[in-house]
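Here is a short briefing on a few local features of one protein chain. Keep the sequence and the 3D view open as you read.

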Amino acid sequence: MKKLFYLAIVAAALTATSCATVFCGSKKTITLDSNIPVESAKLTIDGHKYNNVSFPYVVKVKRGFNETIVKAEAEGYTPTTLVIDKTFNPVSVLNILGMVWWAVDAATGAMMKPEYNYYELEFTTPQPAENRQR
């Protein structure tokens with residue numbers, strides 16, 4: 001009888017979770033790097049500003065259905081923008097027992113994740129005024 005009781009508790013715990021939300025959370029850690037040696041850059045990630053950033057830079061970004069926009073500025077270089085697309089998080093498949101838990105994962109954004117764990121920002125030097133096309 002005890003074994004049946006413990007089995008029932010385990011089954012209840014497994015069915016009463018939103019797997020991706022519990023196991024992965026609503027944010028994902030990514031690494032941003034750059035193609036140039038920068039000691040002090042400014043980043044704006046989905047409206048949040050980060051000053052005095054050096055690369056590689058590790059940051060948590062929101063999961064969810066919307067893309068993440070990263071804007072980067074470094075002295076002497078043209079500002080650059082990076083779009084981080086999101087893909088399906090396969091951990092959500094563990095919600096095989098209920099639509100309610102799929103809804104929780106969707107609401108928290110845990111159902112999606114950034115496409116990659118590593119991104120490189122491509123900085124370019126601005127062209128002198130006399131070399132620009134008119």
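Strands, marked E, are DSSP runs of at least two residues, numbered from the N terminus. With that naming, Asp 46 sits in the loop between strand E2 (41–45) and E3. The model is a predicted one. Most residues other than glycine have a negative phi, and most peptide bonds are trans. The points below begin with departures from that pattern.

**Backbone: positive phi**
- Asp 46 has a phi near 50 degrees, a positive value in a residue other than glycine.
- Asp 46 is partly exposed, at a relative accessible area of 39%.
- Asn 52 also has a positive phi, near 55 degrees, and is not a glycine.
- Asn 52 belongs to strand E3.
- Asn 52 counts as exposed because its relative accessibility is 63%, and the exposed class starts over 50%.

**Backbone: a cis peptide bond**
- The bond from Phe 55 to Pro 56 is cis, and its omega is near 0 degrees.
- Pro 56 lies in the loop that links strand E3 (48–53) and strand E4 (57–62).

**A buried strand residue**
- Val 59 is part of strand E4.
- Is Val 59 buried or exposed? Its relative accessibility is 7%, so Val 59 counts as buried; the cut-off is under 20%.
- Leaving out residues up to four places away in sequence, Val 59 touches Lys 28, Thr 29, Ile 30, Leu 32, Ile 45 and Tyr 50.
- Leu 32 is 27 residues from Val 59 along the chain, and their C-alpha atoms are 7.7 Å apart.

Conventions
Residues numbered from 1 in each chain as written. Predicted model: local features only at pLDDT ≥ 70, side-chain atom pairs only at ≥ 80, totals over all residues. Heavy atoms only, no water. Helix = DSSP H or I, 4+ residues; strand = E, 2+ residues; numbered from the N terminus. Buried < 20%, exposed > 50% of the residue type's maximum accessible area, 1.4 Å probe, protein only. Contact = heavy atoms within 4.5 Å.
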